[in-house]
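Let's take a friendly walk through a protein model, one part at a time. Have the picture ready and follow along.

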Amino acid sequence: MVRFTVLASGSKGNATIVTGGRTRILIDAGLSCRELFRRMKLAGEEPESLSAILITHEHQDHINGLAVTARKLGIPVYFTEATHRAWMRLLAPRRQMTYAQWLEQIRKQTAERQAEADCTTPEGEPDDPDTDSFENEQAIGPQMPPPICLTPAEAESETGDESIPSRKQDPTWLPAVEYFRAGEPFQIGDIAISPFTIPHDAADPVGFRLSSEGIHMAVATDLGYIPPNVKAQLKALHLLLLESNHDLEMLRDGPYPWQVKQRVLSRVGHLSNDATAEYLSGDYDGQAVYVILGHLSESNNLPDIARVTAMSALQNHPCLLANRLLLAEQHTPLETINF
Ligand SMILES: [Zn+2]
Ligand SMILES: [Zn+2]
């Protein structure tokens, strides 16, 4: 069984669940943990069945609930190394770290995870660490990890080395971290993943092509334009989630400050409706059963404009069974797509 559920899409939070066989992956955790779980339940998805979290880039609308969600579920987070590092800097901005110190912190966190893996939670102990309120999750700041049993080495480290924060003080602590690199495919359970570089103003942003049971899907949002390497990854898909961020006129006349407008319009910003339509009418191979427009700006776009622009572009690919156009929303999950 292959399923694709967009829980949220837009500058206030992004999250998508991809299920393939026995594996279920959350792509980006841009909503608070509580809101993510609420939407998963609305969409008929069990949070406890998630296998891993995949992160595209470290912008707030993609990582807002990451730490709490990963801790609560005790699942690994897949980043590129540069994105992981940027995320850590974001959560602990006042702490200047050299690369050597950062490597030492990673080494220490890995040792702590290993120590915890060897240590079992006493029976009867409450296993619900999510005492954070929704509001606390929204704010970037120290988030307490779940209650743990400490090994003597960990207990010592809680009071020891002050240059590297212990797990208890560390908002960047995660139950497990795995690195991938753009251009190097890897597998999580029953899902094959090809991360590809996208042009966007983050440390090392990626999109994903995901395959399971012969079904191919791709997530490509947050990109200033569509370069050849991205076009190559968007071929022969069954499902494409593609950004259609803004209407050019609405952005130009809209409320954003000049610098922000320049950023959005730049080669490392976001795709306009017109840029997306140009791709859909040109290089796109017209094969996807579903084309989902995502990351629509609430200030600088209207769903109807995005829809009509993409619809007319897709007329270049007349096919009865393909190119069903859907719009992902910011505030409600899109109905699950089953293959
Ligand atoms: Zn974004
Ligand atoms: Zn972004």
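In which helix is the place of aspartate 274? Look along helix H11, which covers residues 273-281, and you will find aspartate 274 there. Keep in mind as you look that this is a predicted model.

Aspartate 274 and threonine 309 are 35 residues apart along the sequence, while their C-alpha atoms are 7.1 Å apart in space.

## The sheet from E7 to E13

Now find the open sheet made of seven strands, in the order E7-E8-E9-E10-E11-E12-E13, with mixed pairing. Strand E7 (186-188) and strand E13 (324-327) are at the edges, and each has a single partner strand, so one side of each has no neighbour in the sheet. From one strand to the next, the twist averages 20°. Helix H12 (residues 303-314) packs on this sheet, where it touches strand E12 (290-294) and E13. The direction of H12 makes about 160° with that of E13.

How do the strands pair up? E7 pairs with strand E8 (residues 191-197) in the antiparallel sense, over three bridges, and glutamine 187 has alanine 192 in E8 as its bridge partner. The hairpin of E7 and E8 has two residues between the strands, and glycine 189 in this hairpin takes a positive phi near 55°. E8 also pairs in the antiparallel sense with strand E9 (residues 206-212), over six bridges; here isoleucine 193 stands opposite leucine 210 in E9. Strand E10 (residues 215-220) and strand E11 (residues 239-243), by contrast, run parallel and are joined by four bridges. Methionine 217 stands opposite leucine 239 in E11.

## The sheet from E6 to E14

Another open sheet of seven strands has the order E6-E5-E4-E3-E2-E1-E14, and its pairing is mixed. Its edges are E6 and strand E14 (337-338); each has a single partner strand, so one side of each is left without a neighbour in the sheet. Helix H1 (residues 33-42) packs on this sheet and touches strand E1 (2-8) and strand E2 (15-20). Between the directions of H1 and E1 the angle is about 135°.

Within this sheet, strand E4 (residues 52-54) and E5 run parallel, with two bridges joining them. Leucine 54 stands opposite tyrosine 78 in E5. Helix H4 (residues 81-91) has buried residues Thr83, His84, Ala86, Trp87, Met88 and Leu91. These buried residues pack against helix H2 (60-63), strand E5 (77-79) and strand E6 (177-179).

## The nonpolar core

In soluble globular proteins, nonpolar side chains tend to be buried together. Which residues touch the most other members of the largest nonpolar core in this model? Of its 75 residues, they are Ile53, Ala218, Ala220, Leu240 and Leu241. Helix H3 (residues 66-73) gives this core its largest share, five residues.

Take a closer look at alanine 220. Setting aside neighbours within four places in sequence, alanine 220 is in contact with Ile198, Gly207, Val230, Leu234, Leu241, Leu242 and Glu243.

Note on methods: Residues numbered from 1 in each chain as written. Chains lettered and ligands numbered in written order. Predicted model: local features only at pLDDT ≥ 70, side-chain atom pairs only at ≥ 80, totals over all residues. Pairing = 2+ DSSP bridges. Axes fitted to C-alpha atoms, helices over the stretch in contact; angles between N-to-C directions. Contact = placed C-beta atoms within 7 Å. Buried ≥ 20, exposed ≤ 12 C-beta atoms within 10 Å, placed from the backbone. Core = buried A, V, L, I, M, F, W, Y, C linked by C-beta atoms within 7 Å.
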